[in-house]
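Please look over the sequence and the model shown here before reading on. The report that follows takes the surroundings of the ligands, then the strands, and then some details of the backbone.

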Amino acid sequence: MRGFYIGRFQPYHNGHHRMVEEIATEVDELVLGIGSAGDSHSPRNPFTAGERIMMVNKAVSDFDIATYAVPIEDLDRNSVWVSHVQSMSPAFEVAYSNNPLVIQLFKEAGVEVHQSPMFNREVLEGTEVRQRMIEDRDWESLVPDEVADVVREIDGIERLQRVTATDGSERVGDDGSRDPNPC
Ligand SMILES: Nc1ncnc2c1ncn2[C@@H]1O[C@H](COP(=O)(O)OP(=O)(O)OP(=O)(O)O)[C@@H](O)[C@H]1O
Ligand SMILES: NC(=O)c1ccc[n+]([C@@H]2O[C@H](COP(=O)(O)O)[C@@H](O)[C@H]2O)c1
């Protein structure tokens with residue numbers, strides 16, 4: 001059986017890794033959808049699709065299943081998003097997600113969806129990992145070693161710190177969004 005698991009993986013962290021470990025007990029093959037593939041160089045999405053593919057491929061190489069990383073760009077229309085995913089991915093029988101919108105869209109399209117527990121969510125969250133990177137606090141312990149190597153190879157910390165820095169003329173929200181009309 002082949003499964004599908006999508007995330008932005010900004011970056012791929014130990015919570016994702018635990019989820020893949022669980023999924024690997026249920027499927028022989030897993031497609032890892034690299035979500036929001038067109039986004040990069042922003043506070044919420046610092047890494048390119050290619051960089052995230054490197055992180056994921058290296059990190060999951062130890063698991064005893066075949067994996068395929070497939071970049072999936074966002075669409076303006078949620079109602080056709082599952083068809084878009086299916087048009088880009090090898091065929092799969094079951095989707096894995098803990099994201100309520102993703103679960104809803106797959107269920108409405110008639111795709112079986114499995115959820116997993118949230119692992120140590122207090123710290124295993126992309127937002128927390130990126131915040132630690134920005135503040136030069138320990139982030140390495142929250143990601144697989146292979147991911148830390150990729151982040152270092154691409155000077156990821158410096159990039160994230162640069163794209164997060166503001167010149168004081170705009171405000172950056174908690175989600176990394178920038179207010180285009182600062183008062
Ligand atoms: N600690 C975790 N345990 C289990 N599942 C997780 C964990 N963190 C994220 N996930 C799930 O993995 C999928 C992809 O998550 P995503 O890439 O958005 O990571 P995130 O940690 O939620 O990132 P961000 O804080 O950047 O939004 C989602 O279904 C999400 O619910
Ligand atoms: N309409 C759309 O483009 C659409 C809908 C649902 C999810 N997604 C994407 O799927 C991914 C879901 O991953 P997360 O669970 O990490 O949020 C994200 O990249 C999100 O942007 C896109």
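## The shell around ligand 2

Strand 1 (2-7) and helix 4 (100-108) each contribute at least two residues to the shell around ligand 2, where helices (H or I, at least four residues) and strands (E, at least two) are DSSP runs numbered from the N terminus. This is a predicted model, in which local features need pLDDT of at least 70 and side-chain atom pairs count only at pLDDT 80 or more, while totals for chains, interfaces and linings use all residues. Residues are numbered from 1 along each chain as its sequence is written, and chains are lettered from A and ligands numbered from 1 in the order in which they are written.

The shell of ligand 2 holds 13 residues, the closest being Gly7, Gly35, Ser36, Asp74 and Asn99; a residue is near a molecule if its C-beta atom, placed from the backbone, lies within 6 Å of it. Helix 4 gives the most, with three residues. By class, the shell around ligand 2 has six nonpolar, five polar and two charged residues, where Ala, Val, Leu, Ile, Met, Phe, Trp, Tyr, Cys and Pro count as nonpolar, Asp, Glu, Lys and Arg as charged, and the others, Gly among them, as polar.

## The shell around ligand 1

Around ligand 1 there are 18 residues, of which Gly7, Gly15, Asn98, Gly126 and Thr127 come nearest. Helix 1 (14-23) and helix 5 (126-134) are the elements that give two or more residues to this shell, and helix 1 gives the most, with three. The residues around ligand 1 divide into five nonpolar, 10 polar and three charged.

Strand 1 pairs in the parallel sense with strand 2 (residues 29-34) over six bridges, pairing being counted if DSSP finds at least two bridges between two strands. Within this pairing, isoleucine 6 has glycine 33 of strand 2 as its bridge partner. Strand 1 also runs parallel to strand 4 (residues 94-96), to which three bridges join it, and tyrosine 5 stands opposite tyrosine 96 in strand 4.

## Backbone details

Most residues other than glycine have a negative phi, and most peptide bonds are trans. The peptide bond from glutamine 10 to proline 11, however, is cis, with omega near 0°, and proline 11 lies in the loop between strand 1 and helix 1. Histidine 41 has a positive phi, near 55°, and counts as exposed because it has 12 C-beta neighbours inside 10 Å.

Conventions: A residue is buried if 20 or more other C-beta atoms lie within 10 Å of its own, exposed if 12 or fewer, and partly exposed in between; C-beta atoms are placed from the backbone.
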